[in-house]
Amino acid sequence: LRADTLLAQEQAASTLGVLAAHSPGIQAAIARAGAIGPLVERLHGDIMQGTAALALRNLAKNSPENQAAIVDAGAISQLVELLENGMPGVREEAAGALWNLAADNLEHQVAIVRAGAAIPL
């Protein structure tokens, strides 16, 4: 995610997203390696938004620890922004990430609504 080229960064984010979908152990290892912060940062860019949202979606799925880390990294407002203004595929990934962040967590649900996600959803 910190490679010199955008292509390498996008490939890394994509690979992490695919790997995170396979098991909680892999999700935890990716988070321990420090990937959450850089993925949240990529939500701001022009190119990797969908790939970053997909990776965050998969990291958040059924993982309260990763959900908390993703929220703490500031992802909610960025995901809501993508939900409102992103391209259709990016919107879908942002919605999936928000869904997984909200799962079984009332505090996250309230934060997502306060960030303005209720209207675009």
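## Where two helices meet

Which residues in helix 1 meet Thr51, Ala55, Asn58 and Leu59 in helix 4? In this predicted model, the helix 1 partners are Glu10, Ala13, Ser14, Gly17 and Ala20.

Now look at how the two helices are placed. The axes of helix 1 and helix 4 come within 8 Å and cross at roughly 25°. Angles under 35 degrees count as roughly parallel, and therefore helix 1 and helix 4 are described as roughly parallel to each other. The crossing of helix 1 past helix 4 is left-handed.

## A closer look at helix 1

Helix 1 covers residues 6-20, which makes 15 residues. At 1.5 Å a residue, helix 1 should span 21 Å, and this agrees with its end C-alpha atoms, which are 21 Å apart.

Which residues of helix 1 are buried? They are Gln9, Ala13, Leu16, Gly17 and Ala20. Viewed down the axis of helix 1, these buried residues fall within an arc of 100°, so they line one face of the helix. Here is a handy rule to go with that picture: an α-helix has 3.6 residues a turn, so residues three or four places apart point the same way. The buried residues of helix 1 pack against helix 2 (24-32), helix 3 (36-42) and helix 4 (49-60).

## A glycine in a loop

Next, find Gly86 in the loop between helix 6 (75-85) and helix 7 (88-102). Is Gly86 buried or exposed? Its relative accessible area is 9%, and buried means under 20%, so Gly86 is buried.

Leaving aside neighbours within four places in sequence, Gly86 is in contact with Glu81 and Arg91. Gly50 lies 36 residues from Gly86 along the chain, and their C-alpha atoms are separated by 8.7 Å.

Definitions and conventions:
Residues numbered from 1 in each chain as written. Predicted model: local features only at pLDDT ≥ 70, side-chain atom pairs only at ≥ 80, totals over all residues. Heavy atoms only, no water. Helix = DSSP H or I, 4+ residues; strand = E, 2+ residues; numbered from the N terminus. Expected span 1.5 Å × (residues − 1). Buried < 20%, exposed > 50% of the residue type's maximum accessible area, 1.4 Å probe, protein only. Arc of directions from axis to C-beta. Contact = heavy atoms within 4.5 Å. Axes fitted to C-alpha atoms, helices over the stretch in contact; angles between N-to-C directions. Parallel < 35°, antiparallel > 145°, perpendicular 65-115°, else oblique. Left-handed = near helix turned anticlockwise from the far one by under 90°.
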